Amino acid sequence: MTKFVLVGSGLAGGLLAAYLGRRGYEVELYERRGDPREGNMIGGRSINLALSTRGIHALQQIGIADEVLKHAIPMRGRMIHEKSGALHLAPYDVDPNKHINSIGRAALNTTVIEAAQRHPNVRVHFNHKCTGVDLDSATAQLFNPPSPGYGVVSTSSSQQRQSGSDLNASTLDELSALAEKLVEKNPRSLPHRTFLALARLKQNRAADALAVYENVTVARGALTPSALVVHAAVLAANGRKDEAKSEISQLRTDQLLQEEKRLIENL
Ligand SMILES: Cc1cc2nc3c(=O)[nH]c(=O)nc-3n(C[C@H](O)[C@H](O)[C@H](O)COP(=O)(O)OP(=O)(O)OC[C@H]3O[C@@H](n4cnc5c(N)ncnc54)[C@H](O)[C@@H]3O)c2cc1C
């Protein structure tokens, strides 16, 4: 049976998972944030969304349009406030009975995810941040704070492996070898190098982890908090604590995942 690995349980990811689940496919959906039902805000963008025909149609297909629209507030037009204080209503439609619907993003997102989860063949994994993909080998690298380290998820099997401090040496060797292959295939990929550096760090091969960054020039914008944290941890493991601290000072620690924080907690 074809298996799909989706990254991001936003509106598109959740809906696609529900559609694929309905067709009987095996779906693994990974989301970097925590489960919104456990009090985590989906947030980030606008608080409310305007839902209209196209969106409602998509929700109808998976049988949740009525459930979602129960909480909607009709929006018939845009009220323009002139400087003089005069009000001018610009209707969204010529037909006064037609309207768009204001709906909370978090509630809509949760309802869509729950619709996907009604299919036993759909599994949603929160707190999993994707840090790279390799389309040739059909693998995704995922950072999972509750079980320390990086995981490699393969779309070709249900296998999921993780490299972390609690893993045995042979699994770490395997992951390190896989990371080496990924870097060989795509030497310009910083996520792959980060993965390799972390795997070697966990193997207590500090110097080899540092060697991963040799002759690499990285554009400033490409330096994600995850990449910076691993690099700083590698520097520290090689006795270059001042440089590591200086790198960490560029980071907003609230942007870091729990496991990322753990990598630098002794600095
Ligand atoms: C200010 C603003 C207002 C908008 N208002 C409306 C509106 O009124 N009506 C409307 O229809 N549309 C609106 N949109 C557009 C709408 O938000 C997007 O079309 C929709 O959210 C796209 O869905 P998505 O699933 O692609 O992305 P998102 O909803 O952004 O979901 C992406 C998900 O992926 C996760 N993610 C990201 N990176 C990773 C990673 N590396 N690993 C794992 N998970 C990851 C994120 O945490 C997130 O949950 C608005 C957009 C903006 C910016």
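User: Which strands does α4 lie across, and at what angle to β8?
Analyst: α4 lies across β2 and β8, and runs at about 135° to β8. This is a predicted model, where local features need pLDDT of at least 70, side-chain atom pairs count only at pLDDT 80 or more, and totals for chains, interfaces and linings use all residues. Residues are numbered from 1 along each chain as its sequence is written.

User: How are elements and angles defined?
Analyst: Helices (H or I, at least four residues) and strands (E, at least two) are DSSP runs, numbered from the N terminus. Axes are lines fitted to C-alpha atoms, for helices over the stretch in contact, and angles run from 0 to 180 degrees between N-to-C directions. Contact between two residues requires C-beta atoms, placed from the backbone, within 7 Å.

User: What lies across β1, β2 and β8?
Analyst: α1 does, running at about 165° to β2.

User: What is the strand order in that sheet, and is the pairing parallel or antiparallel?
Analyst: The order is β1-β2-β8, in an open sheet of 3 strands with parallel pairing. Two strands pair if DSSP finds at least two bridges between them.

User: Which strands are at the edges, and why is one side of each left without a neighbour?
Analyst: β1 and β8 are at the edges. From one strand to the next, the twist averages 15°.

User: How many bridges join β2 to β8?
Analyst: There are 4 bridges between these parallel strands. Glu28 stands opposite Arg123 in β8.

User: Now the antiparallel sheet. What is the order there?
Analyst: β3-β7-β4, an open sheet of 3 strands. β3 and β4 are the edge strands, each pairing on one side only. The twist averages 35° from one strand to the next.

User: Where does α4 touch this sheet?
Analyst: α4 packs on it, touching β3 and β7. The direction of α4 makes about 85° with that of β7.

User: How many bridges do β3 and β7 share?
Analyst: 4 bridges, in the antiparallel sense, with β7 covering residues 100–104. Leu49 stands opposite Ile103 in β7. The β7 bridge partner of Leu51 is Asn101.

User: And how many between β4 and β7?
Analyst: 3 bridges, again antiparallel. β4 spans residues 73–75. Met75 has Ile100 as its bridge partner in β7.

User: On to the core. How many residues are in the largest nonpolar one?
Analyst: 27 residues. A nonpolar core is a set of buried Ala, Val, Leu, Ile, Met, Phe, Trp, Tyr and Cys residues joined through C-beta atoms within 7 Å. Buried means 20 or more other C-beta atoms within 10 Å of the residue's own, exposed means 12 or fewer, and partly exposed is in between, with C-beta atoms placed from the backbone. Among those with the most contacts inside the core are Ala17, Ala18, Val112 and Ala116.

User: Which element gives the largest share of this core?
Analyst: α4, with 5 residues.

User: What is Ala116 in contact with?
Analyst: Leaving aside neighbours within four places in sequence, Ala116 is in contact with Gly14, Ala17, Ala18, Gly21, Leu29, Val122 and Val124. Apart from this core lies another of 26 residues, including Leu182 and Phe195.

User: What about the ligand? How many residues surround it?
Analyst: 18 residues, the closest being Gly8, Gly10, Ala12, Arg32 and Cys130. A residue is near a molecule if its C-beta atom, placed from the backbone, lies within 6 Å. Elements giving two or more residues to the shell are α1 (11–22), β3 (48–51) and β9 (129–134). The largest share, 3 residues, comes from α1.

User: How does the shell divide by residue type?
Analyst: 7 nonpolar, 6 polar and 5 charged. Ala, Val, Leu, Ile, Met, Phe, Trp, Tyr, Cys and Pro count as nonpolar, Asp, Glu, Lys and Arg as charged, and the others, Gly among them, as polar.

User: Switching to Ala209. Buried or exposed, and why?
Analyst: Ala209 counts as buried because it has 25 C-beta neighbours inside 10 Å. Ala209 lies in helix α7 (residues 206–211). Beyond neighbours within four places in sequence, Ala209 is in contact with Ala197, Arg200, Leu201, Val234 and Ala237.

User: Last one. How many helices and strands does the protein chain have?
Analyst: 10 helices and 12 strands. Of the 267 residues in the protein chain, 33% are buried.
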